[in-house]
Amino acid sequence: MATMTAPAPQTPKPTRKDYESDQEVRWCPGCGDYSILAQMQRVCADLAIPREKLVFVSGIGCSSRFPYYMNTYGFHTIHGRAPAIATGVKCANPDLMVWVMTGDGDGLSIGGNHMLHTLRRNVDLKIVLFNNRIYGLTKGQTSPTSEMGKITKSTPIGSIEHPIQPVAFALAAEATFVARAIDGEPQHMQEVLKRAAQHKGVAFVEVFQNCNIFNDGAWEYLTAREIRDDRIIELRHGQPMKFGKNLDKGLRLKGFRLEVVQLGQGVSESDLLVHDETDEDASLAFLLSRENPDLPVPIGVFRSVSHPTYDGLMKAQIDDYTSKRGKGDLRKLIHSGQRWTVGA
Amino acid sequence: MSTPSTEPPKSQRVKEVIERVTIRFAGDSGDGIQLSGNQFTLATAMAGNDLGTLPDFPAEIRAPAGTLPGVSNFQISFSEKSIHTPGDAPDVLVAMNPAALKVNLKDLAKDGTIIVNSDNFTPVNLKKAGYTSNPLEDGSLGSRRVIQIPINELNLKALESSPLSKKERDKCRNFYALGVIYWLYDRPLEPTLQWIADKFAKNPAVVEANQTALRAGYYYADTTEIFTHSYTVRKAALPPGEYRNITGTEAMVLGLVAGATLAETQLFYGSYPITPASDILHELARHKNYGIATFQAEDEIAAVCAAIGAAYAGNIGVTGTSGPGVALKGEAIGLAVMAELPLVIINVQRAGPSTGMPTKAEQSDLLQAVVGRNSECPVAVLAPATPADCFNTAIEAIRIAVKYMTPVFVLSDGFLANSSEPWLLPDISTLEKITISHKADVNDFKPYRRDPKTLARPWVIPGMPGFEHRIGGLEKEDVTGNVSYDPQNHEKMTLTRAEKVRRIAQDIPPTQIVGEPSGQLLVIGWGSTYGAITSAVENVRARGKKVSYVHLRHLWPFPSDLGEIIRRFETVLVPEMNLGQLKLLLRGEYGLPVIGLHKVQGRPFKISEIQSKIEELI
């Protein structure tokens, strides 16, 4: 479990209302974004994070309007670049808690390069990627997470692109905190966002989020009430990987693959994999992140390990160098190297 | 400077006093030509001359040895008088191999001197350079004086007792050659001996060998009778004070450090490696104890974005690159314009388009800086005139960016960045502090409420309680900064952003005119053409003819008195290393005819090229 680093609580204890801005929220009625906004505001209030310490940075897309609706500092920037801008913010002032709010197109298409490098550097940013598998703001084109064969405005006879798996991408980029939540499961999302907030280092959270205008039911094949328990598994650190309505199914390792087993028929809980989010070796987390129709889809925290942060290392290096060399003296610097004097 | 004790007395040969010399060192890119050039420059600076240099090297890391594309040059001009350029035609060409001779011969003065390393004029090397016969023997070098020195052999002989391998001893031959030239031009050995001692301190055998090679070359020139003359260039009458020799890159870095120090604010430099701007990153990364953070980003876009993020969070945000990098940064610069954040963008221009000629200079990104983004996107644009002037310009850029809450371009170029000149060290106590004066009142804070004089909005940074607000790239409502699609508001904000940048002109000192304040011909220049234009104008004026000269540091907005000045002249000539970009801006701004003089060869103007155009017009 990552160490808790939330700032000292304000008095009186803030409420969700304190984090709502005066701007009218303009998402389509029924959009999954509303849930993410509400959970975020609750988490900020629960953790009593001072509003002035919070910065929300976003790129372009429906998700990226997010900062306008938070009564904190916010910077709505340009397409795909939020992680790079947030890196500058965090390096300039490591005391701030900086969130990057992005979508599947913003974060993984135009911004894929910045995402990769922000994750591998372990900048202490909290990245929430709203994944609705469609371009909503530009009205319905295919996105990098759209499924193969998807019919959209830009792919009228079907997409011929293989989709990216955001969690697998983040794990492959060595992200130190990787998690997944669902817009329709507010309690679980709060838990995940809270954990992301408390993680020291880069936190990547994919949220399965519905676009009821251009991709309605994007995740229903997993999240519909009647099938949800059989299609989704909640990862719990230190717990055996169980799922199903009666928690009677589990995951086991067979060779290099995962397999689903039924508990009770010669298989006991002790045969199941036990989730260890702190494992430095992310191989099992990666295996869990792979798309496989025979396996349930995990939500929760895939990985949470503690590594030095980029911004922390940058500050430490500057401080260390300064204490070794002494604080720079501009006059000395200018008057360095080989010099000569011309007399009057 | 007193004569160093390590130098032996000169033998009795004719010692001629001359006013100015231009030497070009040329050799294979592995020959240490740039190093030799820099050492000669340092020795010359210490001897008290005014000087200008022009390094010129291939973009390839190491083109095949002995071939024409592998030739690396370093030209230096030094004088007892004030000079402004590295010289037109070299008086002396030091050619370390046939390729170096072939590439540079056409530039050499008709009565110039060629000093060659004759050991390298082998059949193989002659063939590589495309010679069918040996130019040292076939009379093709015309009336030039040719001095052949078997440098390889002499160098090895001088280092007979060195414990180094033959390959390592061979490497010292550039110092041997340098020693010969030091004798010829009466340069002190001491600065270079000291440099060698410092540079190779960990390896005494290498120090010994290089120092021996330098001295041996010097003694060889002194004792043999290959030279009938040696030459002295007297000290220049430079303004009194302490000096060091400085390149544009070094001065730019010192200017950024000084700017951050004067603003008492941490500087964040985001950059992605690109020739010829990378050295700014390399140099700044060594100065982290001056409140400098450097970030080598994954690409140009991340570099500028991180600088914008840092500026938003209260740092002096700076990004440095060259033209192709600016092309990638364009959208983010637009964001900084819309968000009205301070940002400094250094463009060390190079010849383009596209990858163009990465190591060669051009001034063709002026329009890119002024208008090269989507929509009405005004920024301030500055250009340093000389290597040392990069120091002042970097400070000025930070001052304007912070005062007006705007991105500011600094247009350097490959020539300014790499060439050097003596720099009279500034008294830092006289440098004006950079104050961040536009703070807001927490009780009635609006993110886009402006300072009535500068039109700057407040620089309120995350972390300040009570000032929480949202900004972004969407159009802003006047005063509140809320998102607005109101047509009248958009027009008002567009005009306001333009006016804010225009008002920077109120901070520009009166334009200095060289020559008469009105008349027949006014020359207007900008950036690194300063030296060549100044020299050309001085030469013409010395002949009693009238021509006036204005050199612009502020390219956008123009100084407020510029239009009036232009109107006082019959003709305006604008020499530029592009096809007429300042010309276009001046015509557009003032509606007056302007004549252009253009050169796009990746090389700076020669004085003579500008001089003959001026003479044609008067």
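**Cavity linings**

Tutor: Helix α16 of chain B, residues 487-502, is the element that gives the most to the lining of the second largest cavity, with three residues (helices being DSSP runs of H or I, at least four residues, numbered from the N terminus). This cavity (on a 1 Å grid over the protein atoms alone, points where a 1.4 Å probe fits but cannot get out; lining residues have an atom within 4 Å of a point) has a volume of about 40 Å³, taken as the space filled by probe spheres set on the points. Its lining includes B:Val337, B:Glu340, B:Pro378, B:Met405 and B:Thr406, and B:Pro407, B:Arg497, B:Lys500 and B:Val501 also belong to it. By class, these residues divide into five nonpolar, one polar and three charged (Asp, Glu, Lys and Arg count as charged, Ala, Val, Leu, Ile, Met, Phe, Trp, Tyr, Cys and Pro as nonpolar, the others as polar).

B:Phe25, B:Ile33, B:Ser36, B:Val94, B:Met96, B:Asn174, B:Ala177 and B:Leu178 line the largest cavity. Two elements of chain B, α1 (33-46) and α6 (173-184), each give two or more residues to this lining; α6(B) gives the most, with three.

Residues are numbered from 1 along each chain, and chains are lettered from A in the order written. Lining totals use all residues of the predicted model, and side-chain values use heavy atoms, without hydrogens or water.

Conventions:
Predicted model: local features only at pLDDT ≥ 70, side-chain atom pairs only at ≥ 80, totals over all residues. 1 Å grid on protein atoms, 1.4 Å probe; cavity = no way out; pocket = protein on both sides within 12 Å on 5 of 7 lines; lining within 4 Å.
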